[in-house]
Amino acid sequence: MIALNNLQSWLLAEEFLVLDYIQIPWHFLIAPLFYTFLVNYLKIEKLFFNLIRIAFPIFIISIIFQVVSFSFIKDTSSAAEYELFYERYIAVEELISFIVSISIFFYSFRIIKFKKNLFKSILSYDSLQWLNTFIFLALISYAFWALAVGVKFQQNFQNFIVFFYPLRVMTTVLIYWLGYELVYMLRQVKERKLIREQSHKKTEKQPDNNSKKFKSIEDYIINNRRFLDNLLSLETLANELSVSTSQLSKLINEQSAKNFNQLINEYRVEYSKELLQDEAYNQYTITSIALESGFNSKSTFYNAFKKQTGITPTEYRS
């Protein structure tokens with residue numbers, strides 16, 4: 001929708017004939033389509049109203065009304081009168097679209113910010129950081145849009161077009177950034193899901209250890225796949241095992257000669273090595289495997305992997 005709106009703006013600048021009678025309000029559909037994408041991506045569409053059912057009929061009606069009214073006014077008015085009517089109508093329509101659009105946008109933001117309990121399963125695959133960046137860029141675009149529409153009214157619909165240029169530049173940047181981010185993120189999410197689904201039934205090898213107490217801790221971590229949780233901490237594990245953090249830390253140090261983070265990373269690296277050598281994941285990105293192995297980032301994964309194995313994940317895979 002953003003791309004179509006920008007294309008239409010270019011055709012207007014080129015005085016494309018059809019646009020004497022109609023300016024399709026593509027901008028009206030931007031927020032409803034984003035909202036629809038959001039609730040479907042988060043798999044909560046059944047819990048929220050389908051805005052497209054209302055937005056699309058209004059969109060079609062506005063186009064029909066434009067065609068009828070613009071053609072009638074053009075045939076019964078002077079060129080100057082028609083031009084003024086045309087710009088006034090488009091400005092009012094755009095103002096209404098802006099108010100509706102930013103309202104839907106903020107409602108979508110509230111879903112992301114305050115309804116996380118509804119899409120916990122998605123958060124296990126996707127931190128939604130890219131959505132936070134999108135919201136920031138979208139807010140800048142809305143600010144440019146508000147400025148442009150405000151100037152259009154203030155200038156009495158004369159010599160206002162230059163104030164729309166920052167909006168067009170910003171929305172173009174947004175299109176390319178979003179396209180890249182969606183391709184990258186959706187591939188990563190898909191790969192992490194498949195890794196998790198296909199490896200769910202695999203049995204991890206348990207390290208040999210003479211301490212029964214320590215072995216029970218290792219069994220708990222491995223059998224429950226706690227090392228795959230990138231938020232796992234010494235305090236969290238201690239609470240789950242009903243021991244103090246100092247006791248747990250001391251036990252790990254004495255029995256494994258490692259600290260908590262080193263031990264957990266060891267499990268993560270061993271798990272990642274299985275994925276890297278599994279032919280089913282040959283086409284998966286290193287980042288997807290790193291995140292699904294419990295690491296917070298690709299760089300952290302590389303450092304831990306090379307420290308433990310002496311080579312990089314890429315070298316190990318090849």
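The model is predicted, so local features need pLDDT of at least 70 and side-chain atom pairs count only at pLDDT 80 or more, while totals for chains, interfaces and linings use all residues. Residues are numbered from 1 along each chain as its sequence is written, and side-chain values use heavy atoms, with hydrogens and water left out.

**The cores**

- The largest nonpolar core has 37 residues. (Such a core is a set of buried Ala, Val, Leu, Ile, Met, Phe, Trp, Tyr and Cys residues joined through side-chain atoms within 4.5 Å; buried means under 20% relative accessible area with a 1.4 Å probe, protein chains only.)
- Helix 2 (27–41), helix 4 (79–114), helix 6 (129–154) and helix 7 (165–199) each give two or more residues to this core, and helix 6 has the largest share, at 10 residues. (Helices are DSSP runs of H or I, at least four residues, numbered from the N terminus.)
- Leu-42, Ile-111 and Leu-128 have the most contacts inside this core.
- Looking past residues up to four places away in sequence, Ile-111 touches Tyr-35, Val-39, Leu-42, Ile-44, Phe-48, Lys-116 and Phe-119. (Contact means heavy atoms within 4.5 Å.)
- There's also a second, separate core of 31 residues, which includes Leu-234, Ala-238, Leu-248 and Phe-295.

**Helix 9**

- Leu-234, Leu-237 and Ala-238 are buried in helix 9 (residues 234–241).
- Viewed down the helix axis, the buried residues of helix 9 fall within an arc of 100° (taken from the directions from the axis to the C-beta atoms), so they line one face.
- Those buried residues pack against helix 8 (212–223), helix 10 (245–256) and helix 11 (260–277).
- Just past the end of helix 9, Ser-242 has a positive phi of about 60°.

**Ser-293**

- Ser-293 sits in the loop between helix 12 (286–292) and helix 13 (298–309), and counts as buried because its relative accessibility is 0%.
- A polar atom of the Ser-293 side chain lies 2.7 Å from the backbone oxygen of Ile-289.
- Beyond its neighbours within four places in sequence, Ser-293 is in contact with Phe-227, Leu-228, Arg-268, Tyr-271, Ser-272 and Leu-275.

Methods:
Buried means under 20% relative accessible area, exposed over 50%, partly exposed in between (1.4 Å probe, protein chains only). A polar contact is a pair of N or O atoms within 3.5 Å; within protein, one must be able to donate a hydrogen and the other to accept it, and residues adjacent in sequence count only if both atoms are side-chain atoms.
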